[in-house]
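Dear colleague,

I am passing on the structure we spoke about, and my notes on its strands and backbone follow below it. Please read them alongside the structure itself.

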Amino acid sequence: MRILMLEDDKKTAAFVARGLNEAGHICDHLADGRDALFQATREAYDVFVVDRMTPGLDGLSVVKSLRAAGVMTPVIFLTSVGGVDDRVEGLQAGADDYLVKPFAFSELLARLQALGRRPPVQEQKTVLKVADLEMDLVKRHVARQGQPIELQPREFRLLEVLMRGEGRVITRTMLLERVWDFHFDPKTSVVETHVSRLRAKIDRPFTVPLLHTVRNTGYSLYASR
């Protein structure tokens with residue numbers, strides 16, 4: 001199985017990841033809730049292991065956001081928050097199982113294997129399309145109206161974020177976090193500069209603009225009607 005673990009305790013994360021790897025599974029680990037939420041919505045996993053008390057965004061909010069976004073991958077909470085009301089709250093938020101720390105790894109593994117026997121997660125898209133703009137995530141290829149567009153790695157990532165959020169406003173702060181991994185404002189024009197370069201490549205050679213500036217907020221990618 002491919003497993004995404006949200007856990008901010010380094011010792012616990014290392015212990016679980018090592019055990020899962022030894023059992024033949026692949027474990028991706030993140031310590032920040034916002035990072036985990038973004039990763040969980042853009043990659044395909046078989047199971048999520050989620051701690052409740054995490055920085056950036058708490059585990060309960062992560063699970064609620066995933067379910068609201070239509071991500072139905074099985075979730076097990078692995079947390080020290082273990083009261084009856086807490087367990088009920090976690091299950092009502094959309095979790096499929098709940099295991100309280102301290103725990104036996106053998107029990108965690110058995111529960112994960114039980115969750116993994118459910119029908120496989122629907123395959124995630126590897127090709128994104130907005131109007132006549134197309135991005136192949138596997139081949140790292142971008143084209144509009146069949147014409148290849150050469151993008152730098154950061155431009156590619158920027159466009160990917162915008163295409164995944166088609167029609168929605170993506171704020172400057174969101175771009176700083178998702179493209180540059182900045183969780184603070186660097187007080188530079190890095191976003192504006194890259195957006196300008198991206199617009200020059202995907203819009204200016206064509207008739208219909210796709211990349212729109214939302215004044216004082218951010219940007220949105222869509223085809224004007």
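Which residue in S12 is the bridge partner of Leu 211? The bridge partner is Leu 221. Please bear in mind that this is a predicted model, in which local features need pLDDT of at least 70 and side-chain atom pairs count only at pLDDT 80 or more, while totals for chains, interfaces and linings use all residues. Residues are numbered from 1 along each chain as its sequence is written, and side-chain values use heavy atoms, with hydrogens and water left out.

Helices (H or I, at least four residues) and strands (E, at least two) are DSSP runs numbered from the N terminus, and two strands pair if DSSP finds at least two bridges between them. Strand S11 (residues 211–214) pairs with S12 in the antiparallel sense over four bridges, and the two form a hairpin with three residues between them, where Asn 216 in the turn has a positive phi of about 65°. Strand S12 (residues 218–221) is also joined by two bridges to S10 (residues 170–171), again antiparallel, with Gly 218 as the bridge partner of Thr 171.

Most residues other than glycine have a negative phi, and most peptide bonds are trans. Arg 140, in the loop between S7 and S8 (141–144), has a positive phi of about 55°. Finally, a cis peptide bond with omega of about -10° joins Lys 101 and Pro 102, and Pro 102 lies in the loop between strand S5 (97–100) and helix H5 (105–116).
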